[in-house]
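Please have the viewer open.

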Amino acid sequence: MTHTQAWTPLEIETEGIGGCEELVERITGMGEEFGKLLVAEKGLVFRGFGVTPADLDQVLDTLLPNRLAYVHGNSPRTKVGSNVYTSTEYPQEFTISMHNEMSYAHAWPSRLAFYCQVQPGSGGATPVVDAAVWLRSLDAEVREAFADGVRYVQNLHDGYGFGKSWQDTFETTSRAEVDAFLDRTGATWEWKADGGIRVSSLRPATTRHPVTGTEVWFNQSDQWHPAGLGDDTAGALAQILPEDELPQNVTFADGSPIPAEYVAQIRDRGLEHAVDVDWRPGDLLLIDNVLLAHGRRPFTGDRRVLVAMSD
(Lines give C-alpha, C1' and ligand atoms only; values in the text may rest on other atoms or scores of the structure.)
Protein backbone atom coordinates (compact mmCIF):
# COMPACT_ATOMS: atom_id res chain seq x y z
CA MET A 1 0.00 0.00 0.00
CA THR A 2 1.38 3.40 -0.93
CA HIS A 3 0.51 6.99 -0.11
CA THR A 4 1.95 10.32 -1.16
CA GLN A 5 2.25 13.22 1.25
CA ALA A 6 -0.66 15.18 -0.25
CA TRP A 7 -3.99 13.38 -0.20
CA THR A 8 -4.56 10.79 -2.89
CA PRO A 9 -6.66 7.64 -2.94
CA LEU A 10 -4.82 4.76 -1.27
CA GLU A 11 -3.16 2.45 -3.82
CA ILE A 12 -3.31 -1.27 -3.07
CA GLU A 13 -0.95 -3.27 -5.26
CA THR A 14 -0.65 -6.97 -6.00
CA GLU A 15 1.76 -8.95 -3.86
CA GLY A 16 2.81 -10.88 -6.94
CA ILE A 17 0.12 -13.52 -7.32
CA GLY A 18 -2.28 -11.26 -9.15
CA GLY A 19 -5.63 -12.11 -10.60
CA CYS A 20 -9.14 -12.08 -9.28
CA GLU A 21 -8.45 -14.67 -6.59
CA GLU A 22 -5.78 -12.60 -4.80
CA LEU A 23 -7.90 -9.46 -4.89
CA VAL A 24 -11.06 -11.14 -3.60
CA GLU A 25 -9.11 -12.98 -0.89
CA ARG A 26 -7.46 -9.79 0.37
CA ILE A 27 -10.76 -7.90 0.54
CA THR A 28 -12.73 -10.67 2.19
CA GLY A 29 -9.87 -11.32 4.60
CA MET A 30 -10.28 -7.81 6.00
CA GLY A 31 -13.93 -8.37 6.90
CA GLU A 32 -15.54 -5.26 8.41
CA GLU A 33 -12.20 -3.48 8.44
CA PHE A 34 -12.44 -3.08 4.68
CA GLY A 35 -15.45 -0.76 4.96
CA LYS A 36 -13.66 1.25 7.66
CA LEU A 37 -10.58 1.54 5.42
CA LEU A 38 -12.68 2.93 2.56
CA VAL A 39 -14.25 5.60 4.80
CA ALA A 40 -10.86 6.53 6.26
CA GLU A 41 -9.13 6.77 2.88
CA LYS A 42 -12.18 7.96 0.86
CA GLY A 43 -10.94 6.11 -2.22
CA LEU A 44 -8.96 2.93 -2.99
CA VAL A 45 -7.11 2.09 -6.22
CA PHE A 46 -6.33 -1.57 -6.97
CA ARG A 47 -3.37 -1.91 -9.32
CA GLY A 48 -1.56 -4.82 -10.94
CA PHE A 49 -4.11 -7.53 -10.18
CA GLY A 50 -4.91 -7.96 -13.88
CA VAL A 51 -8.65 -8.27 -13.39
CA THR A 52 -10.24 -9.36 -16.67
CA PRO A 53 -13.80 -8.71 -17.88
CA ALA A 54 -14.56 -12.37 -17.12
CA ASP A 55 -13.45 -11.80 -13.49
CA LEU A 56 -15.38 -8.58 -13.04
CA ASP A 57 -18.65 -9.93 -11.65
CA GLN A 58 -16.85 -11.86 -8.92
CA VAL A 59 -14.74 -8.85 -7.94
CA LEU A 60 -17.71 -6.47 -7.94
CA ASP A 61 -19.75 -8.90 -5.86
CA THR A 62 -17.01 -8.52 -3.24
CA LEU A 63 -16.55 -4.74 -3.51
CA LEU A 64 -20.21 -3.83 -3.99
CA PRO A 65 -22.75 -6.03 -2.23
CA ASN A 66 -26.26 -5.24 -3.52
CA ARG A 67 -25.34 -3.65 -6.85
CA LEU A 68 -27.87 -1.04 -7.94
CA ALA A 69 -29.50 -0.31 -11.29
CA TYR A 70 -28.96 3.17 -12.76
CA VAL A 71 -32.64 4.12 -12.40
CA HIS A 72 -33.30 7.88 -12.56
CA GLY A 73 -29.80 8.38 -13.94
CA ASN A 74 -29.40 11.54 -16.00
CA SER A 75 -26.42 10.70 -18.23
CA PRO A 76 -26.24 8.41 -21.27
CA ARG A 77 -24.65 5.03 -20.65
CA THR A 78 -25.07 1.43 -21.73
CA LYS A 79 -25.84 -1.54 -19.50
CA VAL A 80 -23.21 -4.22 -20.16
CA GLY A 81 -23.76 -6.74 -17.37
CA SER A 82 -25.45 -7.36 -14.03
CA ASN A 83 -25.96 -3.70 -13.05
CA VAL A 84 -22.65 -2.81 -14.69
CA TYR A 85 -22.62 0.15 -17.06
CA THR A 86 -20.31 2.05 -19.35
CA SER A 87 -19.16 5.28 -17.74
CA THR A 88 -20.86 8.35 -19.19
CA GLU A 89 -20.88 8.29 -23.00
CA TYR A 90 -19.94 11.94 -23.38
CA PRO A 91 -17.74 13.20 -26.23
CA GLN A 92 -14.12 12.34 -25.46
CA GLU A 93 -12.75 15.81 -26.16
CA PHE A 94 -14.66 17.30 -23.21
CA THR A 95 -14.01 17.32 -19.46
CA ILE A 96 -16.77 15.94 -17.25
CA SER A 97 -16.86 18.17 -14.18
CA MET A 98 -16.82 16.92 -10.61
CA HIS A 99 -19.98 15.39 -9.15
CA ASN A 100 -21.18 12.86 -6.59
CA GLU A 101 -23.17 10.19 -8.36
CA MET A 102 -26.93 10.89 -8.30
CA SER A 103 -26.64 13.66 -5.71
CA TYR A 104 -29.73 15.16 -7.39
CA ALA A 105 -31.82 12.11 -6.43
CA HIS A 106 -33.71 11.25 -3.25
CA ALA A 107 -31.32 8.34 -2.66
CA TRP A 108 -27.82 7.76 -3.98
CA PRO A 109 -25.24 4.98 -3.99
CA SER A 110 -22.79 4.92 -1.10
CA ARG A 111 -20.04 3.26 -3.13
CA LEU A 112 -18.90 3.43 -6.76
CA ALA A 113 -16.45 1.10 -8.47
CA PHE A 114 -14.73 1.93 -11.76
CA TYR A 115 -12.96 -0.72 -13.85
CA CYS A 116 -10.57 -0.05 -16.71
CA GLN A 117 -11.15 -2.51 -19.54
CA VAL A 118 -9.39 -0.48 -22.26
CA GLN A 119 -6.71 2.09 -21.41
CA PRO A 120 -7.14 5.41 -23.26
CA GLY A 121 -4.54 6.41 -25.82
CA SER A 122 -3.80 9.55 -23.81
CA GLY A 123 -5.56 11.47 -21.06
CA GLY A 124 -8.81 10.01 -19.77
CA ALA A 125 -7.96 10.05 -16.07
CA THR A 126 -10.77 9.93 -13.53
CA PRO A 127 -10.25 12.97 -11.27
CA VAL A 128 -11.56 12.70 -7.71
CA VAL A 129 -12.01 15.50 -5.19
CA ASP A 130 -12.60 15.51 -1.45
CA ALA A 131 -16.13 16.92 -1.32
CA ALA A 132 -15.48 18.60 2.05
CA VAL A 133 -12.48 20.43 0.54
CA TRP A 134 -14.69 21.40 -2.41
CA LEU A 135 -17.27 22.88 -0.03
CA ARG A 136 -14.64 24.84 1.90
CA SER A 137 -13.09 26.14 -1.33
CA LEU A 138 -16.27 27.99 -2.35
CA ASP A 139 -16.76 31.65 -1.48
CA ALA A 140 -19.00 32.26 1.54
CA GLU A 141 -21.41 34.15 -0.73
CA VAL A 142 -21.92 31.03 -2.86
CA ARG A 143 -22.33 28.68 0.10
CA GLU A 144 -24.90 30.99 1.68
CA ALA A 145 -26.85 31.35 -1.57
CA PHE A 146 -27.30 27.57 -1.68
CA ALA A 147 -28.33 27.24 1.99
CA ASP A 148 -31.96 26.39 1.16
CA GLY A 149 -31.02 23.81 -1.46
CA VAL A 150 -31.63 23.52 -5.19
CA ARG A 151 -34.52 22.59 -7.45
CA TYR A 152 -33.79 20.17 -10.29
CA VAL A 153 -36.10 20.03 -13.30
CA GLN A 154 -36.10 17.22 -15.88
CA ASN A 155 -38.01 17.25 -19.17
CA LEU A 156 -37.93 13.66 -20.39
CA HIS A 157 -39.29 12.89 -23.84
CA ASP A 158 -41.28 9.86 -25.01
CA GLY A 159 -38.65 8.51 -27.38
CA TYR A 160 -37.85 11.42 -29.69
CA GLY A 161 -36.18 14.66 -28.64
CA PHE A 162 -33.18 16.13 -26.82
CA GLY A 163 -31.73 14.28 -23.87
CA LYS A 164 -32.94 10.98 -22.47
CA SER A 165 -36.40 9.47 -22.74
CA TRP A 166 -38.35 8.65 -19.61
CA GLN A 167 -38.20 4.98 -20.61
CA ASP A 168 -34.39 4.99 -20.60
CA THR A 169 -34.21 7.10 -17.44
CA PHE A 170 -36.45 4.85 -15.36
CA GLU A 171 -35.64 1.55 -17.15
CA THR A 172 -39.32 0.80 -17.74
CA THR A 173 -42.07 1.38 -20.31
CA SER A 174 -44.77 1.56 -17.62
CA ARG A 175 -46.08 4.98 -16.60
CA ALA A 176 -47.52 3.40 -13.47
CA GLU A 177 -44.06 2.22 -12.43
CA VAL A 178 -42.66 5.71 -12.99
CA ASP A 179 -45.48 7.22 -10.90
CA ALA A 180 -44.81 4.73 -8.10
CA PHE A 181 -41.07 5.43 -8.19
CA LEU A 182 -41.45 9.22 -8.16
CA ASP A 183 -44.07 9.06 -5.41
CA ARG A 184 -41.37 7.68 -3.10
CA THR A 185 -38.91 10.46 -3.93
CA GLY A 186 -40.81 13.55 -2.83
CA ALA A 187 -40.73 14.91 -6.40
CA THR A 188 -43.60 16.58 -8.22
CA TRP A 189 -44.28 15.65 -11.84
CA GLU A 190 -46.70 15.95 -14.71
CA TRP A 191 -47.24 13.86 -17.82
CA LYS A 192 -47.33 16.09 -20.87
CA ALA A 193 -49.59 15.96 -23.91
CA ASP A 194 -46.67 14.89 -26.13
CA GLY A 195 -46.10 11.78 -23.99
CA GLY A 196 -43.12 13.18 -22.08
CA ILE A 197 -42.86 13.95 -18.38
CA ARG A 198 -41.65 16.96 -16.40
CA VAL A 199 -40.15 16.18 -12.98
CA SER A 200 -39.26 18.76 -10.31
CA SER A 201 -37.24 17.83 -7.21
CA LEU A 202 -36.12 19.96 -4.27
CA ARG A 203 -32.85 18.70 -2.78
CA PRO A 204 -30.25 19.98 -0.29
CA ALA A 205 -26.99 21.46 -1.61
CA THR A 206 -24.85 19.75 1.03
CA THR A 207 -25.09 16.56 3.06
CA ARG A 208 -23.25 14.90 5.93
CA HIS A 209 -21.49 11.59 5.75
CA PRO A 210 -23.45 8.96 7.72
CA VAL A 211 -20.34 7.67 9.53
CA THR A 212 -17.98 10.63 9.92
CA GLY A 213 -20.55 13.44 10.05
CA THR A 214 -18.39 15.46 7.66
CA GLU A 215 -20.36 18.10 5.72
CA VAL A 216 -19.71 17.98 1.98
CA TRP A 217 -20.76 19.81 -1.18
CA PHE A 218 -23.35 17.44 -2.64
CA ASN A 219 -25.32 18.66 -5.63
CA GLN A 220 -25.04 18.80 -9.40
CA SER A 221 -26.07 22.40 -9.94
CA ASP A 222 -23.10 23.12 -12.22
CA GLN A 223 -23.84 20.11 -14.43
CA TRP A 224 -27.58 20.80 -14.69
CA HIS A 225 -27.19 24.54 -15.33
CA PRO A 226 -26.88 25.73 -18.96
CA ALA A 227 -23.81 27.79 -17.99
CA GLY A 228 -22.03 24.57 -17.10
CA LEU A 229 -22.12 23.55 -20.77
CA GLY A 230 -19.92 26.46 -21.87
CA ASP A 231 -20.94 29.61 -23.68
CA ASP A 232 -21.15 28.15 -27.19
CA THR A 233 -23.27 25.13 -26.27
CA ALA A 234 -25.51 27.12 -23.91
CA GLY A 235 -26.03 29.76 -26.61
CA ALA A 236 -26.91 27.15 -29.23
CA LEU A 237 -29.42 25.47 -26.92
CA ALA A 238 -31.01 28.81 -26.08
CA GLN A 239 -31.77 29.24 -29.79
CA ILE A 240 -33.66 25.94 -29.82
CA LEU A 241 -35.40 25.65 -26.44
CA PRO A 242 -36.39 28.01 -23.62
CA GLU A 243 -34.50 27.28 -20.40
CA ASP A 244 -37.46 25.69 -18.64
CA GLU A 245 -37.86 23.16 -21.47
CA LEU A 246 -34.26 21.94 -21.53
CA PRO A 247 -33.78 18.22 -20.81
CA GLN A 248 -32.45 19.25 -17.42
CA ASN A 249 -32.20 22.53 -15.56
CA VAL A 250 -31.63 23.75 -12.02
CA THR A 251 -32.62 26.79 -9.96
CA PHE A 252 -32.38 27.85 -6.35
CA ALA A 253 -34.99 26.26 -4.08
CA ASP A 254 -37.45 29.13 -4.59
CA GLY A 255 -37.21 28.90 -8.37
CA SER A 256 -34.96 31.94 -8.79
CA PRO A 257 -32.07 31.60 -11.26
CA ILE A 258 -28.57 30.58 -10.18
CA PRO A 259 -26.03 33.14 -11.48
CA ALA A 260 -23.69 31.81 -14.18
CA GLU A 261 -20.66 33.07 -12.24
CA TYR A 262 -21.62 30.86 -9.27
CA VAL A 263 -21.84 27.88 -11.61
CA ALA A 264 -18.40 28.62 -13.05
CA GLN A 265 -16.87 28.91 -9.57
CA ILE A 266 -18.37 25.61 -8.43
CA ARG A 267 -17.20 23.78 -11.56
CA ASP A 268 -13.71 25.29 -11.63
CA ARG A 269 -12.89 24.88 -7.93
CA GLY A 270 -13.97 21.26 -7.96
CA LEU A 271 -11.58 20.54 -10.83
CA GLU A 272 -8.85 22.70 -9.29
CA HIS A 273 -8.72 20.59 -6.12
CA ALA A 274 -9.10 17.24 -7.88
CA VAL A 275 -6.51 14.44 -7.97
CA ASP A 276 -6.23 12.42 -11.19
CA VAL A 277 -6.42 8.61 -11.16
CA ASP A 278 -4.75 7.38 -14.34
CA TRP A 279 -5.82 4.11 -15.87
CA ARG A 280 -4.13 0.88 -16.91
CA PRO A 281 -6.02 -2.22 -18.06
CA GLY A 282 -7.41 -4.23 -15.15
CA ASP A 283 -7.23 -1.34 -12.63
CA LEU A 284 -10.12 -0.73 -10.26
CA LEU A 285 -11.05 2.42 -8.31
CA LEU A 286 -13.49 2.20 -5.39
CA ILE A 287 -14.79 5.45 -3.88
CA ASP A 288 -17.07 6.55 -1.08
CA ASN A 289 -19.66 8.48 -3.10
CA VAL A 290 -20.39 11.02 -0.35
CA LEU A 291 -16.80 11.80 0.61
CA LEU A 292 -15.48 11.96 -2.96
CA ALA A 293 -16.81 13.52 -6.15
CA HIS A 294 -15.47 12.34 -9.50
CA GLY A 295 -15.28 13.42 -13.14
CA ARG A 296 -13.40 12.61 -16.36
CA ARG A 297 -10.52 14.19 -18.23
CA PRO A 298 -10.56 14.45 -22.05
CA PHE A 299 -8.87 11.57 -23.89
CA THR A 300 -7.84 10.10 -27.20
CA GLY A 301 -8.21 6.50 -28.31
CA ASP A 302 -10.70 3.85 -27.26
CA ARG A 303 -11.02 4.33 -23.49
CA ARG A 304 -13.51 1.91 -21.92
CA VAL A 305 -14.16 2.28 -18.22
CA LEU A 306 -17.09 0.45 -16.63
CA VAL A 307 -18.89 1.54 -13.48
CA ALA A 308 -21.10 -0.10 -10.88
CA MET A 309 -22.60 1.14 -7.64
CA SER A 310 -24.12 -0.09 -4.40
CA ASP A 311 -26.08 1.24 -1.46
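## Strand E16 and its partners

Ala113 sits opposite Leu286 in E16. Strand E6 (residues 111-118) pairs with E16 in the antiparallel sense, over 5 bridges. Strand E2 (residues 43-47) also runs antiparallel to E16, joined by 4 bridges, and here Val45 stands opposite Leu285. Strands (E, at least two residues) and helices (H or I, at least four) are DSSP runs, numbered from the N terminus.

This is a predicted model: local features need pLDDT of at least 70, side-chain atom pairs count only at pLDDT 80 or more, and totals for chains, interfaces and linings use all residues. Residues are numbered from 1 along each chain as its sequence is written, and side-chain values use heavy atoms, leaving out hydrogens and water.

## Burial of E16

How many residues of strand E16 (residues 284-288) are buried? The count is 5 of the 5, so E16 is largely enclosed by the rest of the structure. Buried means under 20% relative accessible area, exposed over 50%, and partly exposed in between (1.4 Å probe, protein chains only). Leu284, Leu286 and Asp288 point one way from E16, while Leu285 and Ile287 point the other way.

## Ser137 in helix H4

Ser137 belongs to helix H4 (residues 131-137) and counts as buried because its relative accessibility is 16%. A polar atom of the Ser137 side chain lies 2.7 Å from the backbone oxygen of Trp134. Leaving aside residues up to four places away in sequence, Ser137 touches Arg269 and His273, where contact means heavy atoms within 4.5 Å.

Terms used: Two strands pair if DSSP finds at least two bridges between them. A polar contact is a pair of N or O atoms within 3.5 Å; within protein, one must be able to donate a hydrogen and the other to accept it, and residues adjacent in sequence count only if both atoms are side-chain atoms.
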